[in-house]
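Colleague: Please give me a close look at one part of this model, namely the side chains that lie at its surface and the contacts that some of them make. I would rather have one connected account than a list.

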Amino acid sequence: MNTPFPHFDGHEMSAAAAIAAVEAYPANAATPPIFQTSLFTFDNFADMADVYAGRSHRLIYSRGDNPTVMEFERLMAALDGAEAARAFSSGMGAIAATVLAFVSAGDRIVTIRHVYSDAYRMFELLLSEFNVTVDYVDGADVDAVAAALPGARLLYLESPSSMVFELQDIAALAQLARENGVVSVLDNSWATPVFQKPIIHGVDLVIHAASKYLGGHSDTVAGIVSGSMEHIARINRRTFPYLGAKLSPFEAWLLIRGLRTLPLRLSHHMKSGVSIAERLKNHPDVRRVFHPIYSNHRGKGTLHGYSGLFSFEVDDAINVPAFVDALRVFRLGVSWGGPESLVVPALAPLQLPEANSFARFGVSARLIRLHIGFEDVDGLWRDLEQALAQGRL
Ligand SMILES: *Cc1c(COP(=O)(O)O)cnc(C)c1O
């Protein structure tokens, strides 16, 4: 195995953040209270008038700020190495609020070809209505991105991408974006701040689908964006209150709980994920394994570990639906990042090109994505082996 083992950068940071937080919680509680309230009342009319006139600040209504949600935002900003963060009720909530805060009618976005499917659909089906154009480039090719950047408003990256696991040289691309006056955004859901901290490498805004590893228990849908005070303030001013995709206090509490075990969970996903990837790579029915461990792209330089999501392409001899249906431990489903192992075939054969970037940009219909959970790794391998054998019939 040609990989460094998990290093605990992120662990130290989250432990420090957790300790700082413990001291702040009422009654020395180890975990924060859940402020399950929609509103906060004023002391009197003058208090209300001062707040509305901007002379003083206080909590008003949980569609804006709520203390439990703010605690999650504070911890995530610390983990990302950012000045500020804003949480949302889904990863798409964070993506929509971020993109719409920086892009206006007639603007142009530069993104990667294999960008997350619902981000692609938002660009194609919603933003096109506002005359926003999108250039899909090969994100692995710095020159291709450089050629597309002049005159663009936003550079939207995802490294590694979450179907074919392509890497981008995020430090170089962030610098190019800055030179061109383009705001850079990176979807870091795959790596999490434990394995990659794009803000430190010059990316302006980092988005996480917290529904995946941050929550980590397949029980929460949430998202978050981190960045400078100035960039987050723009999101707060232009989109956050009006799109209304705010995170609930209880889900913020679940996410805070998730952060406490994030590095430990990721080291397990990494160990089992790499083990299964290696075995698949040596299987005669497997053409190729798409896992960043096999890449020697420069973009690997900012990655300090591997999570448990990757894909592989099967030989023509394998019937993909028969293989998927023969699996007994892996369950068939979208999403990822929880304790259970999942399988999902690339959607290319199932959706129209207008609605699917994977079909449009040539992802093979023989591509199958796996999420490796916490089940016994040898049992997972036996499951894959028997399903490949059955898929051959
Ligand atoms: C799931 C996902 C999202 C969207 O998150 P939701 O919480 O489902 O809205 C964004 N990016 C990536 C890479 C994802 O996997």
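Modeller: In this predicted model, Y52 counts as exposed because its relative accessible area is 60%, above the 50% cut-off for that class. Y52 belongs to helix α2, which covers residues 45-52, and together with L39, M48, I60 and Y61 it forms a nonpolar patch on the surface, whose members have about 500 Å² of accessible area together.

Charged side chains give another view of the surface, and 16 salt bridges are counted in the model. In one of them, the side chains of R298 and D169 meet at 3.0 Å, taken from N to O. This pair joins distant parts of the chain, 129 residues apart, since R298 lies in the loop between β8 and β9 whereas D169 lies in the loop between β4 and α7.

R287 is partly exposed at 40% relative accessibility, whereas E313 is buried, with a relative accessible area of 14%. Both residues belong to a network of salt bridges that also includes D316 and R366.

The sheet around this pair is open and has five strands in the order β8-β9-β12-β11-β10, with mixed pairing. Strands β8 (286-290) and β10 (331-332) stand at its edges, and each has a single partner strand, so one side of each is left without a neighbour in the sheet. Strands of a sheet pair through backbone hydrogen bonds, in either the parallel or the antiparallel sense. Here β9 (residues 309-314) and β12 (residues 367-371) pair in the antiparallel sense over five bridges, and L309 has H371 as its bridge partner in β12.

Note on methods
Residues are numbered from 1 along each chain as its sequence is written. This is a predicted model: local features need pLDDT of at least 70, side-chain atom pairs count only at pLDDT 80 or more; totals for chains, interfaces and linings use all residues. Side-chain values use heavy atoms; hydrogens and water are left out. Patches are made of residues with over 30% relative accessible area and no salt bridge: like charges are joined within 9 Å, nonpolar side chains (Val, Leu, Ile, Met, Phe, Trp, Tyr) within 5 Å. Accessible areas come from the Shrake-Rupley method with a 1.4 Å probe; for residues, only the protein chains shown count as cover. A salt bridge is a side-chain nitrogen of Lys or Arg within 4 Å of a carboxyl oxygen of Asp or Glu. Helices (H or I, at least four residues) and strands (E, at least two) are DSSP runs, numbered from the N terminus. Buried means under 20% relative accessible area, exposed over 50%, partly exposed in between (1.4 Å probe, protein chains only). Two strands pair if DSSP finds at least two bridges between them.
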